[in-house]
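Welcome, and take a moment to look over the chain before reading on. The paragraphs below will walk you through it step by step.

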Amino acid sequence: IPLGVMKVLDPRQLKPDTTETERILTVLDETIVKLEITRLIPRIIGSLERYARMLGPEITSSLLEHQKLAMEIQHLLASPGDEESRRAVEQRLKCSLRNILRLFLANPLLYHGLKYKVRVRQSPADVFIKAFMEFRDFTLEKLLTSPDEEKEKIQFMKDISLRVEKNTEIISALQEELAAVIQTRDEEVWKDKTIENLKASMEDLAKDCKAEIQHIMEEGENQQKEDEKASKDRCARLKQDIQLLGARFNELVLEHRASELVLRKEKCRIEREIQKWVQKYDIDMTEKQATYDELQAAYNDEKDQLSLLMEKHALLLQEYTEIEEEHRILKEKEEEAAREEARRNDAATCIQAFWKGYLVRSIYKSKLKKGKGKGKGKGK
């Protein structure tokens, strides 16, 4: 690869060669720094108490003002209102952001310290900053690439593309051929193994079938003999059980008839008691219903009386409120009259004091004039 193409392919090796290029790169680098500071501002404002000592009073006050403007613009955007006021607030917000960026750029050590101290979650701003950095490298590449180098780079990329396409086609053809060969080999191997396995399984199956049939016949005969013997024994045991159960059944019938007679007597007695309790319940409920009716009538009378008393209470409360309002108005008038009287007394006192001072000054001035006249007569 030629050296010029290597330089173009790796922008990190490029260095500005003119003043204009350096100026353009400086503007782009400052823009990247401003974008990173802007990304940190919301996180710093969220924990302003934590970073206030590091930031200093000027930056802290600017951030607080910026936070107020941001909240105000959010409120204006949420509630549609005057367009001019919204634009004015947006302009103030932009000026505030420029002022904050100016303060941070004036103190680069503070920015670098916050950059590694403040943790910011991944956001769309990171994607934009990364894209802007790529744009900066692309701009530097374009500024430092001459037309000849550009042509050389394009030709080099075309040659590489052609080589890659040819190599890809060759690799694809070889892979298809290899896959076909592998598939053919696997199919043949699988067929051979399948044939061998089938032969072995057929031979084993024939041997197993003969042995299994013989074994089943022998087990069937033995099982039949055992089942016949067990059936005879079971029939004898069942007959004995039937006789014993019949005798037990007769005993249980006699016992149950006696217990049934006792239960019938108990049932009759309980029914008579239930009838007595029902009659007693009816009598008690009749008496309680009469008492309830009397209490209900008394409750209704008291409820009517309470309604009348509530109406009277409402009227009395209204009258009381009116009387209290009149007393309040009279009290305010009395307090106002007292304050007016106090202002008049203070004014009279002030006037009297001023008048007394005026009289004292007048008497003092006249005495001074007389003293000066006598001194002049003696000198003559």
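Which residues in α2 meet which residues in α7? From α2 come Thr21, Ile24, Leu25, Leu28, Asp29, Thr31, Ile32, Leu35, Glu36 and Arg39. Their partners in α7 are Ala125, Asp126, Phe128, Ile129, Phe132, Met133, Phe135, Arg136, Thr139, Leu140, Leu143 and Leu144. Contact here means heavy atoms within 4.5 Å. Sorted by class, the contact of α2 with α7 has 14 nonpolar, three polar and five charged residues. In this sorting, Ala, Val, Leu, Ile, Met, Phe, Trp, Tyr, Cys and Pro count as nonpolar, Asp, Glu, Lys and Arg as charged, and the others, Gly among them, as polar.

Before going further, a word on what you are looking at. This is a predicted model, in which local features need pLDDT of at least 70 and side-chain atom pairs count only at pLDDT 80 or more, while totals for chains, interfaces and linings use all residues. Residues are numbered from 1 along each chain as its sequence is written, and side-chain values use heavy atoms, with hydrogens and water left out.

Now for the whole chain. The protein chain has eight helices and zero strands; helices (H or I, at least four residues) and strands (E, at least two) are DSSP runs, numbered from the N terminus. Of its 380 residues, 13% count as buried, where buried means under 20% relative accessible area, exposed over 50%, and partly exposed in between (1.4 Å probe, protein chains only). Among contacts between residues at least 6 apart in sequence, 71% join residues at least 24 apart.

How do the helices lie against one another? Two packed helices are described by the angle between their axes and the distance between the axes. The axes are lines fitted to C-alpha atoms, for helices over the stretch in contact, and angles run from 0 to 180 degrees between N-to-C directions. Helix α2 (residues 19-46) and helix α7 (residues 124-144) have axes that come within 10 Å and cross at roughly 175°. That makes α2 roughly antiparallel to α7; angles under 35 degrees count as roughly parallel, over 145 as roughly antiparallel, 65 to 115 as roughly perpendicular and the rest as oblique.

Helix α2 has other partners too. With helix α5 (residues 83-106) it packs at an angle of about 105°, the axes being 10 Å apart, so α2 is roughly perpendicular to α5. Here Val33, Lys34, Ile37, Thr38, Ile41 and Ile44 of α2 meet Leu97, Ile100, Leu101, Phe104 and Leu105 of α5. The residues of this contact divide into nine nonpolar, one polar and one charged.

Against α4, helix α2 packs at about 95°, with the axes 11 Å apart, which means that α2 is roughly perpendicular to α4. Ile41, Ile44 and Ile45 of α2 make this contact with Leu63, His66 and Gln67 of α4. By class, there are four nonpolar, two polar and no charged residues.

Let us finish with a few single residues. Is serine 62 buried or exposed? Serine 62, placed in helix α4 (residues 57-78), counts as buried because its relative accessibility is 11%. Its side chain reaches the backbone oxygen of glutamate 58 at 3.0 Å. Leaving aside neighbours within four places in sequence, serine 62 is in contact with Ser96, Asn99, Ile100 and Leu103.

Cysteine 95 sits in helix α5 and is partly exposed, with a relative accessible area of 37%. Glutamate 49, in helix α3 (residues 48-55), counts as exposed at 78% relative accessibility.

How values were computed:
A polar contact is a pair of N or O atoms within 3.5 Å; within protein, one must be able to donate a hydrogen and the other to accept it, and residues adjacent in sequence count only if both atoms are side-chain atoms.
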